[in-house]
Amino acid sequence: MGIQGMELCAMAVVVLLFIAVLKQFGILEPMSMEDSSDSELELSAVRHQPEGLDQLQAQTKFTKKELQSLYRGFKNECPTGLVDEDTFKLIYSQFFPQGDATTYAHFLFNAFDADGNGAIRFEDFVVGLSILLRGTVHEKLKWAFNLYDINKDGYITKEEMLAIMKSIYDMMGRHTYPILREDAPLEHVERFFQKMDRNQDGVVTIDEFLETCQKDENIMSSMQLFENVI
């Protein structure tokens, strides 16, 4: 992979693989054409009860029917209404048996666990999914920055970006073609910083990230690839 598009390599992998996993496990089920008589989400037999449907609709860009469909799939896979990190890792390990998805799943879990309480609620899930699928370019880029900024201090360091890239390669396994060199993740990180770190201070700020991405036509076009998935 060349320098073009490397700024959002992890972003693209996040969206495509996350959506693939959701579909594989039935969380993104086909939309039902039946008209629900209930105006609120079904709340039976769950330990965590999500916010009201109207409130979630206001927080996301999903319709009521889409939220109902998403919730049915979420509840089927997560009867308690919560997803912990171990469950998240198990799902990814089953979907990517050829590699080690543990670290990648950890980073992605933290990106969705908005309040950092160690569990992904339905609210966390749909708000993040709404950004990835239907958010503005600015919102998607901020989400990607948050993923890269592992310790949430407002900066992306080379160590953080390298950890993300290594986790992606580990998850995809050693049987990719063409075979990746051991130093490939580090090369990608160096290219990322050559382009993003405008003042060459060794870290990438949110302003540097947004400015560089928004001036790149390839990145802008890639942001449209994930719309209308559901």
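Good morning. I begin with the aromatic residues: F145, Y148, F192, F193 and F209 form one aromatic cluster. Please bear in mind that this is a predicted model.

Within that cluster, consider Y148 and F209. Their ring centres lie 5.9 Å apart and their planes meet at 80°; an angle over 60 degrees counts as edge-to-face, so this pair is edge-to-face. The two residues sit 61 positions apart, Y148 in helix α7 and F209 in helix α10, and the pair thus links distant parts of the chain. Y148 is buried, with a relative accessible area of 1%, and F209 is buried at 0%.

The chain has 10 aromatic pairs. Another of them joins F74 and F122, with centres 5.4 Å apart and planes at 65°, so it too is edge-to-face. Here helix α3 supplies F74 and helix α6 supplies F122, 48 residues apart. Both residues are buried.

I turn now to the nonpolar core. The largest one holds 51 residues, and Y92, I156, F192 and F209 touch the most other members. Domain 1 (64–134) and domain 2 (137–229) both contribute residues, so this core lies between them.

Helix α8 covers residues 158–172 and spans 21 Å from its first C-alpha to its last, close to the 21 Å expected. Its buried residues include M161, L162, I164, M165 and I168.

Finally, the chain as a whole. It comprises 11 helices and 4 strands, and 46% of its 230 residues are buried. Of the contacts with a separation of 6 or more, 69% are between residues 24 or more positions apart. The accessible surface is about 11,600 Å², and carbon and sulfur atoms account for 52% of it. Thank you.

Notes. Residues are numbered from 1 along each chain as its sequence is written. This is a predicted model: local features need pLDDT of at least 70, side-chain atom pairs count only at pLDDT 80 or more; totals for chains, interfaces and linings use all residues. Side-chain values use heavy atoms; hydrogens and water are left out. A nonpolar core is a set of buried Ala, Val, Leu, Ile, Met, Phe, Trp, Tyr and Cys residues joined through side-chain atoms within 4.5 Å. Buried means under 20% relative accessible area, exposed over 50%, partly exposed in between (1.4 Å probe, protein chains only). Domain bounds come from an automatic or database domain assignment. Contact means heavy atoms within 4.5 Å. Accessible areas come from the Shrake-Rupley method with a 1.4 Å probe; for residues, only the protein chains shown count as cover. The expected span of a helix is 1.5 Å times one less than its number of residues. Rings of Phe, Tyr and Trp (its six-membered ring) pair if their centres lie within 6.5 Å; planes under 30 degrees apart count as stacked, over 60 as edge-to-face and the rest as tilted.
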